[in-house]
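Here are my notes for a first look at this one. Keep the viewer open while you read, and take the points in order.

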Amino acid sequence: MAKDRTPDNSRGTGGGSSRSGAGGRGKGGRTRPPANVVTQQRPWGLIAGAVVIALFAAAVLGYAVIKVNEANANKVESIDEISGAQTFEYEGGLHDDNPISYEQSPPVGGPHANVWADCTGTVYDVDVRHENAVHSLEHGAVWITYNPDEVSDGDVAKLTELVDGVSGRMLSPYVGLDSPISLQSWGHQLKVDSADDERIKQFADLMTFKSDSYPEPGATCERPDFLADPLVAESDGAAATPSAAETTPAP
């Protein structure tokens, strides 16, 4: 009679233990170290600084654009765009040191003295001799005049700011002027009632050394002898006594 056989589980149990142990170990029975996870830090300080710089640059650029637009807002390209400006035709190069009777007051062209009035951004406190001022117009200058009895010191200060130090411009009182303020360039004139009139700057900016608008382009506005001893207009239209400047011939 055959004997009952009891299954031998010793192999299976041993094998199971071996496989179970292998599950938590690496090759050779060593435990794997846990992986190090590094979190990348963002450079928030640099980002914030760059944003601030960009905003500042945008603000500066925007401000510059606004200022340029403001400066160009009232800019004109032609004398015809300035309301009230008048144009006259005069031949240049006619020198005459005698007293001259002009059609316009202040004069804007025609015969004139050999010596020009200094027009290097010059502010005169006297009514300069008109015959000399007209010669300055021939050189491309803008001559701004005012009636001293009709403008305030503040008005004169505003006109001075527009003229002082700007080559090709000069300012002087003009006795008996029929308007508070009058601007002249060769063959052009504008009369206004207020120093705040925007047309003053329009005229000065357009006509100072304006190409093809005066007879002697390239002529100098410097006349230090006249600046040091300016000739003064006579109330009756007679010429002032000649000074050293008056006896020097024009180029």
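1. Start with helix α3, whose buried residues are H130, E131, N132, A133, V134, H135, S136, L137 and E138. That is nine of the nine residues in the helix, which spans 130-138. Buried here means under 20% relative accessible area, exposed means over 50%, and partly exposed lies in between (1.4 Å probe, protein chains only). Helices (H or I, at least four residues) and strands (E, at least two) are DSSP runs, numbered from the N terminus.

2. Before going on, a word on the source: this is a predicted model, where local features need pLDDT of at least 70, side-chain atom pairs count only at pLDDT 80 or more, and totals for chains, interfaces and linings use all residues. Residues are numbered from 1 along each chain as its sequence is written, and side-chain values use heavy atoms, with hydrogens and water left out.

3. What do the buried residues of α3 pack against? Their partners are β3 (142-146), β4 (169-173), β5 (181-185) and α6 (224-228), with contact meaning heavy atoms within 4.5 Å. Just after the helix, have a look at G140, which takes a positive phi of about 100 degrees.

4. Now find E216, in the loop between α5 (198-207) and α6. Setting aside neighbours within four places in sequence, E216 touches H135, E138 and H139. E216 and E138 are 78 residues apart in sequence, yet their C-alpha atoms are 6.0 Å apart in space. E216 counts as partly exposed because its relative accessibility is 22%.

5. The sheet is open and has six strands in the order β1-β6-β5-β3-β4-β2, with mixed pairing; two strands pair if DSSP finds at least two bridges between them. β1 (86-87) and β2 (120-123) are at the edges with a single partner strand each, so one side of each has no neighbour in the sheet. Five bridges join β5 to the antiparallel strand β6 (residues 188-192), and the β6 residue bridged to S185 is H188.

6. Two helices to check against that sheet are α3 and α5. α3 packs on it by touching β3, β4 and β5, and its direction makes about 140 degrees with that of β3. α5 touches β3, β4, β5 and β6, at about 165 degrees to the direction of β6. For these angles, axes are lines fitted to C-alpha atoms (for helices over the stretch in contact), and values run from 0 to 180 degrees between N-to-C directions.

7. How many salt bridges are there? The count comes to seven, taking a side-chain nitrogen of Lys or Arg within 4 Å of a carboxyl oxygen of Asp or Glu. One of them pairs E131 with R129, with the closest N and O atoms 3.5 Å apart. Both partners are buried: E131 has 5% relative accessibility, and R129 has a relative accessible area of 2%.

8. K158 and D196 form another, at 2.5 Å between the closest N and O atoms. This pair links distant parts of the chain, with K158 in helix α4 (residues 153-163) and D196 in the loop between β6 and α5, 38 residues apart. K158 is partly exposed at 39%, while D196 is exposed at 54%.

9. Last, R169 bridges to D205, with a closest N and O distance of 2.9 Å. R169 lies in β4 and D205 in α5, so the pair ties together parts 36 residues apart in sequence. R169 is buried at 7%, whereas D205 is partly exposed at 41%. Through shared partners, salt bridges join R169, K201 and D205 into one network.
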